[in-house]
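Colleague: I would like to learn how to read the features of a two-chain model, one after another. Could you take me through the general idea each time and then turn to the case at hand?

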Amino acid sequence: MQNQDLQEAFIRLVNDSRGILYKICRMYGATEPDRQDLFQEIVIQLWRSYPSFRGESKFSTWLYRIALNTAISDLRKQRRYITPTDPDLLPTQLQDIQYSTEKEEQLQSLYAAINRLTELEKALTMLYLEDKSYTEMEEILGIPQNNLRVKMNRIKDKLRKMTKEAAYGIGNA
Amino acid sequence: MELETLKTIWKDQDLPPGEETSRDQLMALLQKKSTGPIARMRRNLRKEAILMLVSYIPCILLYWLAFDGLMSGVGWLFVVLLLFFYVYYYRKNQLLKRMLCISCEVRSNLAGQLKTLRRYIRFYFWSSTLIVPLMTSFAFGIALNNRRLEHPSINWWRVISLLLLLIAAFTVGIYFFNRWYINKLYGRHIAKLQQLLSEMDED
């Protein structure tokens, strides 16, 4: 394939996967500039690996691997960011949201809860929320399914607890 | 909120206004260099190698061509040092290239990264520590050569004792400095990788 055709095909694929990339950047980037940096780095890594993608795994599996590998193993320092203890306060302080709706508030609470998870837990949560099967999670993360199930149950408990706390205002001063 | 509700909220989220990237912006991104740490380390290594070449070649030529060829030995010593540094850069670059397997499973990428980073650090530590006796002897040799032109009689026992003392002092000093410096550079990242891997492996 010519380089230009390759670029066009790649851009189409990135555009189709924009939602996933946005969610990963929002999960792993503490501030808006961090998210933009991460998005740029993921796109560059995807582009570099794209010519060697032979379709041995599903495109989404390949994309998740690259995006999560880039996000998790990123050595760079995040911009100064203080994690508040109150999950409700966390994202709303950072966002310049002018389109705040009830749906967005719920989403903020969800991200606030996710922000309190470890990096691995974030990856698992995202795959769970994206309705990925344990087989696909194993293919992406390389963790055996039995182990994944145990971890997932723990994370679900944590999320339930955290979102309940947020709903009932526990932890709010 | 129930987890199924969370799933619905998650799936329904739209790209906020201003988050869309145009085709042209994406095209421009493809031309950019990676700002990832490993890519940056490789770029710095290349710059260092070029700087070394640019600074050593005039020295080599000077010692070969000037002083009526009397100092050509020093020029050859610079060539040996330059070769040593190039082997060092080549090895470091090979290890850096192997450090990332970006399209591998996350666990195997992290495990590979940790293993290669440890090898990289070992190589970095020992080569930058062991170069010190070589450089000290080299600098000492040049200074001694210059002194011999002015004062031909030399007390060799004193000279050798002084050389050994200098080598010991510099090597011990650099050994501890390297330990501190390498830990400062990579310690946090190694700890993060270890913690991620043990979290992945625990039941």
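This is a predicted model: local features need pLDDT of at least 70, side-chain atom pairs count only at pLDDT 80 or more; totals for chains, interfaces and linings use all residues.

Colleague: What does chain A average in pLDDT, and where in chain A is confidence lowest?

Modeller: The pLDDT is the predictor's confidence in each residue, on a scale from 0 to 100. Chain A averages 80, and 78% of its residues score at least 70. Within chain A, helix H5 (residues 90-94) has the lowest confidence, with a mean of 41, whereas helix H8 (residues 134-141) has the highest, at 95. Over residues 80-99 of chain A the pLDDT stays under 50, and for that stretch the model has 29 contacts beyond four places in sequence, a contact being a pair of residues whose C-beta atoms, placed from the backbone, lie within 7 Å.

Colleague: How many helices and strands does chain A have?

Modeller: Helices (H or I, at least four residues) and strands (E, at least two) are DSSP runs, numbered from the N terminus. On that basis chain A has nine helices and zero strands. Of the contacts in chain A between residues at least 6 apart in sequence, 68% join residues at least 24 apart.

Colleague: Into which domains is chain A divided, and which helices supply the side of domain 1 that touches domain 2?

Modeller: Domain bounds come from an automatic or database domain assignment, which gives domain 1 (1-77) and domain 2 (84-173) in chain A. Twelve residues of domain 1 of chain A are in contact with ten residues of domain 2 of chain A. On the domain 1 side, helix H2 (18-28) and helix H4 (59-72) of chain A each supply at least two residues. That side has six nonpolar, three polar and three charged residues, where Ala, Val, Leu, Ile, Met, Phe, Trp, Tyr, Cys and Pro count as nonpolar, Asp, Glu, Lys and Arg as charged, and the others, Gly among them, as polar.

Colleague: Which residues of H2(A) are buried, and what covers them?

Modeller: A residue is buried if 20 or more other C-beta atoms lie within 10 Å of its own, exposed if 12 or fewer, and partly exposed in between, with C-beta atoms placed from the backbone. In H2(A) the buried residues are Leu21(A), Lys23(A), Ile24(A), Cys25(A), Arg26(A), Met27(A) and Tyr28(A). Their cover includes helix H3 (32-49), H4, helix H6 (102-115) and helix H7 (119-129) of chain A.

Colleague: How many residues of chain B are in contact with chain A?

Modeller: In chain B, 37 residues are in contact with 46 residues of chain A. The elements that give two or more residues to the chain B side are helix H1 (3-12), H2, helix H5 (106-150) and helix H6 (156-201) of chain B. By class, that side has 19 nonpolar, nine polar and nine charged residues.

Colleague: At what angle do H1(A) and H2(B) cross?

Modeller: Two packed helices are described by the angle between their axes and the distance between the axes. Here the axes of helix H1 (residues 3-16) of chain A and helix H2 (residues 23-31) of chain B come within 11 Å and cross at roughly 115 degrees; axes are lines fitted to C-alpha atoms, for helices over the stretch in contact, and angles run from 0 to 180 degrees between N-to-C directions. The contact is made by Gln7(A), Ile11(A) and Val14(A) of H1(A) together with Arg23(B), Leu26(B), Met27(B) and Leu30(B) of H2(B). These residues divide into five nonpolar, one polar and one charged.

Colleague: Which phi does Asp131(A) have, and where is its place?

Modeller: Most residues other than glycine have a negative phi, and most peptide bonds are trans. Asp131(A), although not a glycine, has a positive phi of about 65 degrees, and its place is in the loop between H7 and H8 of chain A. Asp131(A) counts as exposed because it has 10 C-beta neighbours inside 10 Å. In chain B, Phe67(B) has a positive phi of about 55 degrees, although it is not a glycine, and is found in the loop between helix H3 (37-65) and helix H4 (72-99) of chain B.

Conventions: Residues are numbered from 1 along each chain as its sequence is written. Chains are lettered from A and ligands numbered from 1 in the order in which they are written. Two residues are in contact if their C-beta atoms, placed from the backbone, lie within 7 Å.
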